[in-house]
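Subject: Structure handover

Hello,

Here is the structure I said I would pass on. Please look it over first; my notes on what was found follow below.

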Amino acid sequence: MEFNDTLSIGMDDFSNNEDMEIPEVLPMMAVRDVVIFNYMIIPLFVGRPGSVEAVNEALGANKLLMLVTQKDATKDNPVEADLYRVGMVCMVMRTLKLPDGRLKVLVQAMSKARIKDILRSEPSYQVSVEVIEEPEVKEITVEVEALMRAVREQTEKIMSLRGILSADLMMIINNIEDPGRLADLVGSNLRLKISESQQILEETDPEKRLKLVSELLTKELEVSTVQAKIQNDAKEEMSKSQREYFLREQLHALQKELGDTDERTQEIDELERKIRKTKMPKNIRKETMKQLSRMEMMHPDSSEATIIRTYIDWILDVPWQKSTTDILDLVKAKEVLDEDHHGLQRVKERILEYLAVRKLNPATKGPILCFVGPPGVGKTSLGQSIARAMGRKFHRLSLGGMRDEAEIRGHRRTYIGAMPGRIVQGLKTVASNNPVFMMDEIDKIGSDYRGDPSSALLEVLDPEQNFEFSDHYMNLPIDLSKVMFITTANMTDTIPGPLLDRMEMIRLSGYTLEEKVVIARKYLLPRQVKETGLKPTQLKMDDETLKYIVTHYTYEAGLRNLEREIGKVCRKLARKIAEGSKGPFSVSEKTISKYLGPPKNIPESELEKLVQPGLVTGLAWTEVGGEILQIEVNLMPGKGKLILTGQLGDVMKESAQAALTYCRSRSIELGLAEDYFEKIDLHIHVPAGAIPKDGPSAGITMATALYSAITGKIVKAKLAMTGEVTLRGRVLPIGGLKEKALAALRADINKVIIPDQNKKDLEEIPKDIREKMEFYPVKDMDEVVRIAFPQTAPKKARKAGVKESRPSSVPAP
């Protein structure tokens with residue numbers, strides 16, 4: 001039983017509220033783990049939506065609220081069967097909105113009432129109530145007086161046993177002359193089960209209620225007496241333990257003099273030898289010896305000694321001054337990189353540059369690289385190759401979905417189960433202070449109430465700070481400047497700006513058809529043959545077959561699906577051999593469908609081209625690489641509406657408006673009537689309507705499609721375009737040009753219109769791709785029109801085209 005300020009509150013003057021008329025219909029709120037009695041003033045924390053709605057409804061009316069207790073406190077959405085029928089009508093005295101959205105409400109119990117009927121359950125409960133009138137005690141009999149004295153004495157004894165006896169509290173209890181009020185006040189402060197408290201509340205007879213409280217007090221007095229005895233015994237045991245500790249220390253001193261040491265002494269001596277043997281900075285060694293001294297002074301079975309022992313073990317496991325020797329032979333390093341990966345020259349050059357600098361300046365700090373590219377292009381495997389080329393240990397850490405800052409910085413040792421962060425754990429795993437540390441999916445870090453891991457990474461990935469990285473568990477400066485950090489991401493849009501600024505971006509755009517065939521021949525096919533248990537001589541597959549798999553069974557920037565398809569072929573052959581067939585097996589373009597089924601993709605070159613006005617091919621960039629984007633425009637009689645479909649984002653919708661404005665501004669050059677656009681509706685659609693699309697780079701594509709639909713002209717064959725358009729027809733630069741060029745090449749498109757300001761980005765596109773394609777840099781839409789529609793003069797082409805393609809109901813220009 002605990003007595004607190006509720007006792008003093010319980011004697012407040014309620015006379016101002018007792019005469020208030022209680023309406024029959026009231027909002028109702030369920031409370032958990034508490035039964036409210038008469039004359040109580042109690043604070044409540046309200047968080048459930050229905051409860052918040054009930055409080056707001058009460059505040060908007062007469063501030064009266066029916067409070068009942070729910071039978072099972074674990075249920076968040078109690079139904080009628082989960083609620084007691086008897087509760088208290090309370091007045092909301094004060095409310096405070098907390099930062100987490102909850103309400104702190106101070107309520108005053110007014111009258112006991114019973115729920116007659118539940119009128120509404122959503123969004124909050126509304127009930128009809130019946131006030132329960134209690135009979136007045138007209139005369140205090142000898143029996144009642146004796147019962148009240150017994151309750152007061154039992155209460156005083158319990159408070160004395162608990163060490164919270166107060167003269168003020170006892171004065172309040174002694175001044176209460178109403179047996180019902182005394183029962184409610186004492187009963188509300190007992191440690192009772194909800195069902196027992198509810199039993200007291202539902203008892204309307206004051207004498208019976210006081211007798212019930214007296215019985216419960218008797219039981220609580222017995223429990224408190226036993227509890228006090230247990231506490232005294234524990235205190236005596238503690239004194240005994242302290243005495244045993246001093247005696248044990250004296251015995252330890254005698255054993256040391258006699259040369260006879262116990263296991264505890266051997267453990268301490270062994271730890272001390274490890275500390276002196278392990279290479280670590282002086283300040284770290286000093287702190288470790290200090291912790292060892294603390295551990296030596298403690299009882300071996302104490303929890304604090306266990307925590308310190310674990311902490312010392314972690315200090316000894318961290319490779320403070322243990323590192324691997326870098327391979328600074330640039331020729332050998334280049335051979336290793338070329339052996340593991342085909343292409344990716346820019347990444348390989350950056351690693352060789354770092355090794356060259358390390359050779360000239362051994363004290364240089366490790367670079368912070370970020371590989372950005374679509375899935376399956378080899379970002380993670382490239383990190384492993386870098387570690388092998390440099391002769392360093394490799395450790396991978398996945399950041400995808402990480403939301404707790406303690407994953408990076410560790411937990412403080414005061415918490416139960418505390419441990420260092422993933423950085424320190426990684427150093428312990430590789431046992432080296434200069435590994436290649438790869439952090440995958442840095443663009444998919446989350447954050448919540450436990451902190452923001454991306455903010456913790458600001459210190460880790462900053463060469464000016466990470467030489468004294470602070471882990472909350474270790475609480476010692478850890479030098480990370482020798483670690484080579486490599487991060488990977490599919491896109492940079494979701495990486496916070498300060499974190500992005502600390503990393504050197506290296507983009508891996510994807511592979512061309514020829515590169516995929518070479519990689520499949522050198523790496524993927526041999527690996528799958530080995531994993532499926534085949535012998536190299538049992539499978540024959542030429543480059544034309546590999547090319548057919550790439551073009552007809554995969555459509556990706558990376559190589560994952562290609563390896564899956566090759567693995568599928570190898571598994572089917574492995575089954576044949578396991579069933580008794582003998583090889584070798586030859587797989588060709590004609591037989592590949594037996595293993596992989598019908599082609600999943602049909603290249604554009606094999607499709608019948610849909611050639612008509614209003615259809616233009618654009619280029620888009622996504623986190624999985626470049627994609628082609630078909631823009632379709634159709635005209636119909638109407639009132640000048642612009643209809644946009646295909647799940648377009650706000651930026652793309654604005655690009656469509658700008659494109660239409662450009663076309664309307666060219667009405668005179670096109671010979672259109674003044675009211676032409678008022679008599680037609682324009683419908684722009686981007687296929688694959690289930691996929692959201694956004695971005696400004698489809699601006700000139702939309703403008704060209706509108707121009708084509710209005711004039712009836714057909715766009716040049718095998719032509720795609722990308723660029724942002726303005727109201728005045730200017731073409732602005734875009735991003736991801738290399739990815740878009742690869743996407744055009746995969747779709748058998750060899751002509752691409754690009755913004756003039758993107759000419760500099762053509763250098764990033766491999767020379768063999770540039771030789772296969774034609775790029776047309778443009779500054780404005782007029783240049784786009786001249787390139788896209790070169791076949792005939794404007795007016796004649798417009799009239800002929802309109803006549804052939806536009807329905808008769810659409811007004812001619």
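A residue is called buried here under 20% relative accessible area, exposed over 50%, and partly exposed in between, using a 1.4 Å probe and protein chains only. This is a predicted model, in which local features need pLDDT of at least 70 and side-chain atom pairs count only at pLDDT 80 or more, while totals for chains, interfaces and linings use all residues. Residues are numbered from 1 along each chain as its sequence is written, and side-chain values use heavy atoms, with hydrogens and water left out.

Salt bridges

The structure holds 39 salt bridges, a salt bridge being a side-chain nitrogen of Lys or Arg within 4 Å of a carboxyl oxygen of Asp or Glu.

One of them joins E563 to R527, at 2.9 Å from N to O. E563 belongs to helix 21 (residues 560–578) and R527 to helix 19 (residues 513–531), so this pair links distant parts of the chain, 36 residues apart. Helices (H or I, at least four residues) and strands (E, at least two) are DSSP runs, numbered from the N terminus. E563 is buried, at 18% relative accessible area, whereas R527 is partly exposed, at 39%.

Another salt bridge pairs R32 with D76, whose closest N and O atoms are 2.9 Å apart. R32 sits in the loop between strand 1 (25–31) and strand 2 (41–46), and D76 in the loop between strand 3 (64–69) and strand 4 (86–97), so the pair ties together parts 44 residues apart in sequence. R32 is partly exposed, with a relative accessible area of 31%, and D76 is partly exposed too, with 48%.

R575 and E579 also form a salt bridge, again at 2.9 Å from N to O. Both R575 and E579 are exposed.

Finally, a network of salt bridges links K112, E134, D184 and R209.

Helix pairs

Axes are lines fitted to C-alpha atoms, for helices over the stretch in contact, and angles run from 0 to 180 degrees between N-to-C directions. Helix 12 (residues 330–340) and helix 13 (residues 345–360) have axes that come within 10 Å and cross at roughly 155 degrees. These two helices are therefore roughly antiparallel; the cut-offs are under 35 degrees for roughly parallel, over 145 for roughly antiparallel, 65 to 115 for roughly perpendicular, and oblique for the rest. On the helix 12 side, the contact is made by L330, A333, K334, L337 and D338, and on the helix 13 side by K348, I351, L352, L355 and A356. Contact means heavy atoms within 4.5 Å. By class, the residues of this contact are seven nonpolar, no polar and three charged. Ala, Val, Leu, Ile, Met, Phe, Trp, Tyr, Cys and Pro count as nonpolar, Asp, Glu, Lys and Arg as charged, and the others, Gly among them, as polar.

Helix 4 (residues 142–162) packs on helix 5 (residues 167–175) at about 165 degrees, with the axes 11 Å apart. Helix 4 and helix 5 are therefore roughly antiparallel to each other. R152, T155, E156 and M159 of helix 4 meet L169, M170, I173 and N174 of helix 5. This contact has four nonpolar, two polar and two charged residues.

A buried serine

S128 is located in strand 6 (residues 125–131). S128 counts as buried, at 8% relative accessibility. Leaving aside residues up to four places away in sequence, S128 touches E24, V25, R114, I115, K116, D117 and L119.

Regards
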